[in-house]
Amino acid sequence: MYDVIVIGGGIVGMATAYHLVAAGARTLLVDRADTGQATAAGAGILSPETSRHESDDWFSFALAAVDYYPALIAQLAADGAGETGYAPVEELIVAVSEDEDAAFAAAHARITARQRMHGRPAAEDLRLIDAETARALFPPLATVRSALHFRRAARVDGRLLMNALRQAAVGRGLVQRQVSVDRLLVQGRRIEGVTVDGEQIPSGAVVIAGGAWSQQWGAQLGIALPIAPQRGQIIHLSLPGAKTAQWPVISAFHGHYILPWPDGRVVVGATREHAGFAPQTTAAGIREVLSEALRVAPGLADAAIADIRVGLRPSTPDSLPALGAVPTAENVYVATGHGANGLQFGPFSGKVIAGLALGETVAPIPATLAVSRFSED
């Protein structure tokens, strides 16, 4: 008998499991290890202050999520869980072509409005800079028309963070099984566990954190879970000898980004494709990502292609996460729908959902982010 069973082993499911076992709960994590899991392909940019998301609830929850990172990283270090790739970085928001001018002005206005309302970003952390200063910060950059410099972003390596969470959770007693859950065990309105390969496994609560594959549980729970996969293709470039460690993140306005890492690695991405459960790279996707990267930073033209990754992001119709208790059943909780922000939200969402499964409120979940908004009742 487990206290909690977590379905799904991506960043959200693993973070949930880690926080459960850290609280002393007997926890089983069940994961099929589907090809295309979003975490392994995520870029890991942590910067809600400069996000284009319009929702105030999203913004407040995202701030809490990134503010939680230092405490989590310190705890994982104390657990001896290994590297996570977490580090502060700077960010440049740039307009390279004339068609981006209006979007840049709107983004600047939105960010400064958040300053007035939330006090974030701090005034001293944000400044307009000229093209020469922007290129000094990021040498491969094109001559930009406008640039906004933000000093307080961060980044994290999704694969390293996942491994650290797993190692720490297993060290605290997490049990893992790489199998598929057949069904939830239902007694009236109460969820009493899961069936795996015909075996009934009882538990006090169940957390559904199946990423893009979460929708399948909606019918049994009597609730709509409109989670759809959004394919993201991302390319890792290699610039041997380049001092990339201090280069800022680059965000432009055709929906792409550039994220430098130490040791001459630069990540460029990403596509946003509604292609179903098809986790493969494509010629069109690679062309899109490279074309946009070189439009914004032509100095990357001689970089070698070191790796191409693809992930299926779990996305909702309103582009907001689906979190919290399922209103149509007892003892079952959902944590999915983070879209391209899984690494930004994941650890904090896992902490919040773990708390709910144990009868505690770590942080309130706004109604606009609650899974109950999809209730069929």
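1. Basis. The model is predicted, so local features need pLDDT of at least 70 and side-chain atom pairs count only at pLDDT 80 or more, while totals for chains, interfaces and linings use all residues. Residues are numbered from 1 along each chain as its sequence is written, and side-chain values use heavy atoms, with hydrogens and water left out.

2. Cis peptide bonds. Arg-120 and Pro-121 are joined by a cis peptide bond with omega of about -5°. Pro-121 sits in the loop between helix H3 (101-118) and strand E5 (126-129); helices (H or I, at least four residues) and strands (E, at least two) are DSSP runs, numbered from the N terminus. The bond from Gly-269 to Ala-270 is also cis, with omega near -10°. Ala-270 belongs to the loop between strand E14 (265-269) and helix H7 (283-296).

3. Positive phi. Asp-197, a residue other than glycine, has a positive phi near 50°. Asp-197 is placed in the loop between strand E9 (190-196) and strand E10 (199-208). Asp-197 counts as exposed because its relative accessibility is 60%; buried means under 20% relative accessible area, exposed over 50%, and partly exposed in between (1.4 Å probe, protein chains only). Asp-263 is not a glycine either, and its phi is positive at about 65°. Asp-263 lies in the loop between strand E13 (257-261) and E14, and at 80% relative accessibility Asp-263 counts as exposed.

4. Strand E2. In E2 (residues 27-30), Thr-27 and Leu-29 point one way, Leu-28 and Val-30 the other, and all are buried. Strand E1 (residues 2-7) runs parallel to E2 and is joined to E2 by 4 bridges; strands pair if DSSP finds at least two bridges between them. E2 also pairs with strand E7 (residues 175-177), in the parallel sense, over 3 bridges. Leu-28 stands opposite Ile-5 and opposite Val-175 in E7.

5. Crossover. E1, helix H1 (residues 11-22) and E2 make a right-handed β-α-β unit, where right-handed means that, with the strands pointing away from the viewer, the path from the first strand over the helix to the second runs clockwise.

6. Ser-47. Is Ser-47 buried or exposed? Ser-47 is buried, because its relative accessible area is 7%. Ser-47 lies in the loop between strand E3 (45-46) and helix H2 (56-78). The side chains of Ser-47 and Glu-91 make a polar contact at 2.7 Å (a pair of N or O atoms within 3.5 Å; within protein, one must be able to donate a hydrogen and the other to accept it, and residues adjacent in sequence count only if both atoms are side-chain atoms). Neighbours within four places in sequence aside, Ser-47 is in contact (heavy atoms within 4.5 Å) with Glu-91, Phe-150, Ala-153 and Gln-344.

7. Beyond neighbours within four places in sequence, the contacts of Leu-165 are Ile-11, Met-14, Ala-15, Tyr-18, Leu-72 and Leu-76.

8. Aromatic pairs. The whole structure holds 8 aromatic pairs, a pair being rings of Phe, Tyr and Trp (its six-membered ring) with centres within 6.5 Å; planes under 30 degrees apart count as stacked, over 60 as edge-to-face and the rest as tilted. One aromatic cluster is formed by Trp-58, Phe-61, Tyr-68, Phe-345 and Phe-348.
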